[in-house]
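Here is a short report for a reader new to this structure.

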Amino acid sequence: MHAPGRGASLPRDTRDTLFLLAVIAWVVALQAAHIPAWTTALTGVLLAWRGWLALQARPLPGWPWRAGLLAVALAGTWASHGTLLGQNAGVTLVVVLLALKTLELRARRDAFVVFFLGFFALLTHFFYSQSLVTAAGILVALLGLLTAVVNAHMPVGRPPLAQAARIAAGMALMGAPIMLVLFLLFPRIAPLWGVPNNNPTGTSGLSEDMRVGDVAQLALDDSIALRVRFDGPPPPAALTYFRGPVLSRFDGRRWTQQLEPTALSAGLRAELRPRGEPLRYEVTLEPHQRRWLFVLEAATEAPELPGNRVRMTTDLQWVTQRPIVSLVRYRAQSHVDFGHGPLQDSAALREFVDLPPGFNPRTLQLAQDLRRVHGPGPQNAPALVDAVLERLRTGGFVYTLEPGVYGQHTADEFWFDRKAGFCEHFASAFAVLMRAMDIPARVVTGYQGGELNSVDGYWTVRQRDAHAWTEVWLQGRGWVRVDPTGAAVPSRIGSLQRLQAPVGAVAGALRAAVGADLIGLLRANWEALNNTWNQWVLNYTQDRQFELLRSLGVASPSWQDLALVLLAVVVVVSLVGAAWAVWERRRHDPWLRLLHHAGRRLTTLGLQASDRTPPRELARQLRERFAHDPAAAALADWLLRLEAQRYAPRSTTTLAELRREYRRLRWPPARGA
C-alpha cells in the first residue's frame with residue numbers, strides 16, 4: 001500500500017538509477033541460460049548492491065573495489081572458457097562489465113556508456129537463439145533501454161517515466177518502417193550473413209559416434225529437430241527415415257564413422273538405384289553445429305541450400321561444406337523405394353564384418369549356431385537375417401528408456417540377459433550378430449517418424465524421434481535397411497508410438513484441469529506461430545529478396561538493383577529526417593518556447609530577460625518595477641505558476657491552460673509610453 005507513495009517520494013536520481021538497474025537485470029536474465037552460473041550470480045549481487053547504495057544515498061565504491069571485482073570477473077571467465085577471447089567468453093565479459101559499470105554511475109556520461117553497453121549486450125542474445133520468444137524478450141529490453149535514454153535527455157524537473165516510455169515507444173514505431181526496409185533490402189551475402197557459433201556442443205541429438213545410452217537420453221527431449229512440408233501427401237509413417245551419420249567402425253563399446261576411406265573401401269560407390277516417383281518436399285532444419293543435412297532416404301540430387309555446398313558420401317549421407325550454425329531451409333526430393341550399394345561381393349565389403357577380439361563370446365557362438373542351421377555363404381544371408389528378426393519378435397525383447405547400464409559385452413547382455421533397450425541397443429546388437437555371421441552390416445543414425453501439425457500442415461520431427469537402425473549387405477540387392485527395433489516393437493515404427501518423458505506434478509495437474517486435447521491444440525498453434533516466424537523472418541534469404549524485386553517490376557534482379565533500391569530509400573529517408581529535424585528545431589520545447597516569448601515581451605518593458613533567466617527572477621523584477629500595477633501582479637503570478645508547472649512535483653496546472661491565460665493577460669505600459 002505504501003510502495004507507490006515511497007516511489008513517488010524518491011529523488012529523481014534514485015528513481016532513474018533503480019529503473020535502469022531493473023532494465024539491466026532483465027537483459028542479464030535473458031542471457032542466463034547461455035552464461036556460467038557464477039556470472040548470473042555475480043551480476044545479480046552487483047545490481048542489488050548498486051540499488052541498495054542508491055536507496056541509502058551512500059557513496060559508490062572506490063577504484064580498488066572495482067579493480068578487484070574486474071579481476072574476479074576475468075579469472076572466472078578464464079576458468080569457465082579457458083580464454084578471454086571468442087564468442088562465449090566475450091559474452092560473459094560483456095555481461096559482467098555491464099553490471100560493473102553501474103558501480104561508477106555518477107554522471108550522464110557514465111549513464112550513456114551503460115546504455116550503449118546494454119544495447120550491445122542485447123545483440124549477443126542472437127548468438128544463441130533467434131526464436132520468437134527471444135525476439136519478444138529483446139523487444140521489451142529495447143523499449144526499457146530507450147526509455148532510460150529518453151529520460152536521461154530530460155534533465156530538468158521530474159518528468160514521469162511513463163512520459164519517457166511513451167516517447168520511446170513513439171521512436172520505436174517511427175523507426176519500424178526504416179527497420180523493415182533495411183530488413184527487406186539489406187543484402188544477404190552468405191556466408192557473411194548470419195551469426196556463426198563456436199559452441200562445440202551439438203543440439204541435433206546425434207554425434208559422430210554412438211555409445212550405448214546416448215540416444216536413449218535424447219529420447220526425452222521434446223524440442224524440434226526439423227520441420228518438413230511435402231508438396232503432396234506425406235509418405236507412410238513406416239518409411240519416414242531421415243538419414244544422418246552412418247557408423248561402420250566398432251571397437252567393442254562404441255560405433256564411429258569412417259571419416260576417411262581406406263584402401264579397400266575407396267572402391268565402394270553409393271550406386272543409388274531409385275524406383276518409382278520421387279517425393280518433393282521442403283525442410284526447415286534447426287541449427288545443430290554439424291555438417292549433416294537430413295533428408296528422407298534416399299535423395300538422388302543434392303538439396304538446394306544457397307551459400308553452402310552440399311555433397312553425398314559413399315554411404316548415402318548428405319554433408320555440407322560448413323556446419324549448420326543457424327536455421328536453414330532447403331528443398332529436396334527423395335525416393336522412399338530405392339536400392340544402393342554394390343550388387344556383388346568384393347574385398348571392399350570385408351571392412352563391414354570386422355569385430356574386435358575379446359568381446360561378446362556368446363553372440364559369436366550364437367552366430368555359429370545359426371549358420372549351422374541355415375547354412376553359411378552370401379546365398380543364405382537373407383535366411384539368417386530373417387531368423388534373427390524372428391528371434392527379436394518372439395524372444396520377449398522390450399523397448400524401454402531404462403535398460404540399465406551395460407557392461408563390456410553389450411551384445412551378449414542384450415541377446416541373453418537383459419533383452420531390453422532403446423533403438424541403439426537393438427541396432428548395435430543386431431549389427432554385431434550380423435558381422436559375426438560374416439554378413440556386412442553397419443549402423444545408421446538419424447530420425448524416424450514425426451507428427452503432422454494440423455494448424456500449418458508441417459510434418460514436425462522432434463529430438464525424441466532420434467533413431468538408430470542397421471543396414472546389411474545382401475548379394476544381388478546391395479545395402480538393405482533392417483530396423484531391428486521395428487521387428488521387436490512394430491508400434492515404434494508403424495503407428496509412431498513413442499516413449500514419453502515423465503510428466504511433472506505441475507504439468508500433470510495442468511493437463512488434468514485443462515485437458516490433454518486443449519494442451520495439444522495450444523501447443524500446435526504455438527509451434528505453427530514459431531514456424532511462421534522461422535519461414536518468413538529468419539529464413540528471409542537472398543532468393544526472397546530477388547522475388548521482392550521481381551514483384552516491383554525488375555525483370556532480372558541483381559545485387560546492383562538491390563543496392564540502387566536501398567540507396568534510393570536511404571536518400572528519401574534522410575531527406576524526411578532532415579525535414580523533421582528542421583521542424584523539430586523550430587518547435588523546440590513548448591515550455592521553453594512560451595517562456596522565451598514572454599521574456600522577449602518583458603525586455604520591451606525594460607526588464608533584463610534572457611533565455612537563462614528563470615521565471616521567478618522575471619516575476620521579482622516585475623514586482624519591483626511595477627509595484628502598484630495590477631496587470632504586473634497578474635503577470636508575475638502567471639510566471640510563478642509557469643515555473644511551478646515545470647518543477648513542482650504536484651502541480652495540477654497544464655501548459656495548455658497557461659498558454660491560454662497568457663493570451664488573455666493585460667500587460668503594464670512600457671516606460672515612456
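Phe 422 has 1% relative accessibility, so it counts as buried. Buried means under 20% relative accessible area, exposed over 50%, and partly exposed in between, with a 1.4 Å probe and protein chains only. Tyr 399 is buried too, at 13% relative accessibility.

This is a predicted model: local features need pLDDT of at least 70, side-chain atom pairs count only at pLDDT 80 or more, and totals for chains, interfaces and linings use all residues. Residues are numbered from 1 along each chain as its sequence is written, and side-chain values use heavy atoms, with hydrogens and water left out.

**Aromatic rings**

The structure holds 16 aromatic pairs. Rings of Phe, Tyr and Trp (its six-membered ring) pair if their centres lie within 6.5 Å; planes under 30 degrees apart count as stacked, over 60 as edge-to-face and the rest as tilted. Two of the pairs are set out here.

| Stacked pair | Centre to centre | Angle between planes |
|---|---|---|
| Phe 250 and Trp 255 | 4.6 Å | 25° |
| Tyr 399 and Phe 422 | 5.4 Å | 20° |

Tyr 399 lies in strand S14 (residues 398-399), and Phe 422 in the loop between strand S15 (420-421) and helix H13 (423-436), so their pair ties together parts that are 23 residues apart in sequence. Helices (H or I, at least four residues) and strands (E, at least two) are DSSP runs, numbered from the N terminus. Phe 250 and Trp 255 are both buried. One aromatic cluster is formed by Phe 397, Phe 414, Trp 415 and Phe 426.

Charges also meet rings. The charged end of Arg 418 sits over the ring of Tyr 406, 4.8 Å from its centre. Arg 442 places its charged end over the ring of Trp 479, 4.0 Å from the centre. A charge sits over a ring if NZ of Lys or CZ of Arg is within 6 Å of the ring centre and within 35 degrees of the ring normal.

**Helix H11**

Helix H11 (residues 381-394) has 14 residues. Its buried residues include Ala 381, Leu 384, Val 385 and Leu 392. Their cover includes helix H10 (361-374), helix H12 (410-418) and strand S19 (466-474). Just after H11, Gly 396 takes a positive phi of about 75°.

**The whole chain**

The chain has 22 helices and 20 strands. Of its 673 residues, 44% count as buried.

How values were computed:
The expected span of a helix is 1.5 Å times one less than its number of residues. Contact means heavy atoms within 4.5 Å.
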